[in-house]
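This report covers the ligand site of one protein model.

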Amino acid sequence: MVKLIFKEDNLSMKDRTFGIIKPDAVSKNLIGAVLKRIEDEGLKIVAMKMIRMTKAQAKGFYKVHEGKPFYESVTDFMSSGPCVVMVLEGDDAVKKYRAIMGATNYKEAKEGTIRHIYATDIEKNIVHGSDSRENAEFEIGYFFNALEMKGD
Ligand code: CMP
């Protein structure tokens, strides 16, 4: 009988999620503050780059929101200036990063969360984070290829 070298467990890696430091945060010089918070909370940044999305790229990224009243506006905003896209790794990364960010609407975000501290608008809400592992996979693949991600 062939002996398996890798059990399935050995092939799985820590959870990954995808995040954006949005154009409002970049223009307010908040890149460092957001990254420090992420690292202090124990998430590892395994890929990162500054980009400027075209309107078409922003529309593709937010395709799940197509047809919603804020779709045009949020894609205008996300293509209005540079942003930082990143892949974060850690235990329960999707849930953990969402907890650090706080609610989409900064008015509902818990005290101490990134959006509670820095956001000024439901649209210009400083950061984005994937809402599920499935979406994280799509969003990471939208911006990064395997060569751009740090392997351990
Ligand atoms: P994000 O987490 O990036 O996901 C969709 C984005 O659309 C959201 O953050 C906001 O920037 C923006 N947006 C604007 N209005 C709304 C709204 N009413 N509900 C959800 N998202 C909104």
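## Polar contacts

A polar contact is a pair of N or O atoms within 3.5 Å. The model is predicted. In it, an N or O atom of the His 128 side chain and an oxygen atom of the ligand are 2.9 Å apart. Taken alone, the ligand exposes 450 Å², of which the protein buries 79%.

Two further residues place polar side-chain atoms at ligand oxygen atoms. For Lys 22 the distance is 2.8 Å, and for Asn 125 the distance is 3.2 Å.

## Shell around the ligand

Lys 22, Asn 125 and His 128 are among the residues that surround the ligand.

## Pocket and annotation

Which pocket does the space taken by the ligand correspond to? That space is the largest pocket.

The UniProt record, an unreviewed entry, gives the feature "binding site" at Lys 22, Phe 70, Arg 98, Thr 104, Arg 115 and Asn 125. From this set, Lys 22, Phe 70, Arg 98, Thr 104, Arg 115 and Asn 125 are in the lining of the largest pocket. Arg 98, one of the positions annotated in the record, belongs to helix α6, which spans residues 93-101.

How values were computed:
Residues numbered from 1 in each chain as written. Predicted model: local features only at pLDDT ≥ 70, side-chain atom pairs only at ≥ 80, totals over all residues. Heavy atoms only, no water. Near = heavy atom within 4 Å. Polar contact = N/O pair within 3.5 Å; in protein donor to acceptor, adjacent residues only side chain to side chain. Areas by Shrake-Rupley, 256 points an atom, 1.4 Å probe, with all protein chains shown as cover. 1 Å grid on protein atoms, 1.4 Å probe; cavity = no way out; pocket = protein on both sides within 12 Å on 5 of 7 lines; lining within 4 Å. Sits in = over half its atoms within 2 Å of the grid points. UniProt positions renumbered as here; feature names shortened; annotations may be inferred. Helix = DSSP H or I, 4+ residues; strand = E, 2+ residues; numbered from the N terminus.
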